[in-house]
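Here is a friendly walk through one model, written for someone who likes to know the cut-offs behind each term. Take a look at the sequence and the fold, and then read on.

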Amino acid sequence: MKKFSGVLILLIVGTLLSCSDPASSPAKTVSSPPPAKSWVVSTLAGSTRGFADGAGTEARFNYPYGMAVDASGNLYVADYYSHRIRRITPAGEVSTFAGSGTAGSADGLGTSAQFKFPTGVAVDSSGNLYVADRDNHLIRKITAAGEVSTFAGSSAGFADGAGTAAKFNKPTGVAVDSSGNVYIGDQSNHRIRGITSGGLVSTLAGSTQGYMDGAGTSAQFRFPYGVAVDASVNVYVADYSNHLIRKITPAGEVSTFAGSGTAGSADGLGTSAQFSSPSGVAVDASDNVYVADLNNHLIRKITAAGEVSTFAGTGTAGFADGAAGTAQFKAPIAVTVDAAGNVYVADYSNHLIRKIEYKVP
């Protein structure tokens with residue numbers, strides 16, 4: 001019994017010594033860190049200038065302008081010179097949602113309807129689209145089924161009122177809040193207009209051409225283009241010819257959110273930053289504002305605290321996909337953001353729709 005116990009002890013000790021010997025232990029596998037993610041620019045749809053439906057780069061646009069994305073991730077594009085509203089699925093399939101391709105103002109279903117140089121697009125929670133039909137001086141509405149009607153406006157001019165009693169002068173930007181109220185960048189009237197879900201048009205802010213912060217109609221803009229609205233119903237405005245991003249509170253108080261008023265490309269806080277003819281704005285779920293900085297050929301980002309940085313682009317007009325800092329755009333005119341935080345760019349003079357997403361390059 002003692003002899004057996006001694007043998008057992010020797011076996012246990014030998015086993016322990018063997019396990020502690022590095023030469024007899026299996027090699028440890030050292031895993032590599034996961035690849036780093038970064039913001040990357042790609043071409044979602046489009047190729048050369050023209051008109052064609054199809055998948056991805058088989059499609060063609062003719063100076064794409066405003067954009068909006070719905071809850072299912074479908075992207076709607078105002079195809080300016082094609083006088084159409086195009087739709088792009090998340091997979092990149094492009095189709096014509098509304099518009100015949102001939103300039104006009106006819107209401108109707110899908111491609112039987114007509115537009116004349118449409119610019120801004122917004123989508124509400126029910127899937128209805130609102131279109132700034134610029135050269136018709138109208139705001140059009142398109143149901144999810146594709147039925148086009150005139151929501152507000154008549155001839156060029158300025159008048160508040162209900163539906164077609166109201167007048168706009170080259171409306172360019174459009175946004176819609178969670179309650180169905182619509183906001184318009186009324187470009188040549190130098191005003192921001194509001195439209196209730198029932199079609200009643202009023203002036204939210206602005207008066208004559210110029211620059212002035214203040215309440216409601218005491219404020220001034222100079223050719224406001226794109227507009228966007230956040231969850232708290234603050235409206236952001238790309239004040240194109242003032243080279244500024246303006247902010248309007250729900251009470252109608254207008255302030256300068258970012259930009260010095262002098263054309264340039266400087267990053268920085270609030271009014272120390274510079275833009276050059278900003279044309280499009282979009283706001284994400286964290287209240288970051290993205291700007292299509294047209295003449296700088298850049299996409300800029302403004303935090304809720306007003307810190308401006310260059311988000312994508314080199315500042316040189318051209319075309320290049322890739323890392324955000326080396327990608328190139330040519331007169332980016334509009335931006336929108338989806339629920340996942342992906343940013344889409346209407347790359348106007350490249351006739352492309354670009355996508356900026358956070359991923360492994």
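Two strands count as paired if DSSP finds at least two bridges between them; strands themselves are DSSP runs (E, at least two residues), numbered from the N terminus. This is a predicted model, in which local features need pLDDT of at least 70 and side-chain atom pairs count only at pLDDT 80 or more, while totals for chains, interfaces and linings use all residues. Residues are numbered from 1 along each chain as its sequence is written, and side-chain values use heavy atoms, with hydrogens and water left out.

An open sheet of 5 strands has the order 2-6-5-4-3, and its pairing is antiparallel. Strand 2 (54–55) and strand 3 each have a single partner strand and stand at the edges, so one side of each has no neighbour in the sheet. Inside this sheet, strand 5 (residues 84–88) and strand 6 (residues 93–98) run antiparallel and are joined by 4 bridges, with Ile85 opposite Ala98 in strand 6.

Strand 20 (residues 244–248) runs antiparallel to strand 21 (residues 253–258), with 4 bridges between them, and Ile248 stands opposite Val254 in strand 21.

How much of strand 9 (residues 129–133) is buried? 5 of its 5 residues are, where buried means under 20% relative accessible area, exposed means over 50%, and partly exposed is in between (1.4 Å probe, protein chains only). In a regular strand the side chains alternate between the two faces of the sheet. In strand 9, Leu129, Val131 and Asp133 point one way, Tyr130 and Ala132 point the other way, and all are buried.

Strand 9 is joined to strand 8 by 4 antiparallel bridges and to strand 10 (residues 138–142) by 5 antiparallel bridges. Within these pairs, Val123 stands opposite Leu129, and Arg140 in strand 10 is the bridge partner of Val131.

Glu307 in strand 26 is the bridge partner of Leu269, and Thr310 is that of Arg300.

The hairpins mentioned here have turn residues with positive phi:

| Hairpin | Residues between the strands | Residue and phi |
|---|---|---|
| strand 8 and strand 9 | 5 residues | Gly127, near 85° |
| strand 9 and strand 10 | 4 residues | His137, about 60° |
| strand 25 and strand 26 | 4 residues | Gly306, near 95° |

**The largest pocket**

On a 1 Å grid over the protein atoms alone, a cavity is a set of points where a 1.4 Å probe fits but cannot get out, whereas a pocket is an open set with protein on both sides within 12 Å along at least five of seven lines; lining residues have an atom within 4 Å of a point. Grid points are joined across faces, edges and corners, and a volume is the space filled by probe spheres set on the points.

The largest pocket has a volume of about 1200 Å³. Its lining has 50 residues, and Val69, Val229, Val283, Thr336 and Val337 lie nearest its centre. The elements giving two or more residues to this lining are strand 3 (64–69), strand 8 (118–123), strand 13 (171–176), strand 18 (224–229), strand 23 (278–283) and strand 28 (332–337). By type, the lining divides into 27 nonpolar, 16 polar and 7 charged residues; Ala, Val, Leu, Ile, Met, Phe, Trp, Tyr, Cys and Pro count as nonpolar, Asp, Glu, Lys and Arg as charged, and the others, Gly among them, as polar.

Ala175 sits in strand 13 and is buried, with a relative accessible area of 7%. Contact means heavy atoms within 4.5 Å; leaving out residues up to four places away in sequence, Ala175 touches Ala122, Asn181, Val182, Tyr183, Val227, Ala228 and Val229.

Val233, in the loop between strand 18 and strand 19 (235–239), is partly exposed at 27% relative accessible area. Beyond its neighbours within four places in sequence, its contacts include Asp177, Tyr183 and Ile248.

Asn350 belongs to the loop between strand 29 (343–347) and strand 30 (352–359), and its 14% relative accessibility counts as buried.
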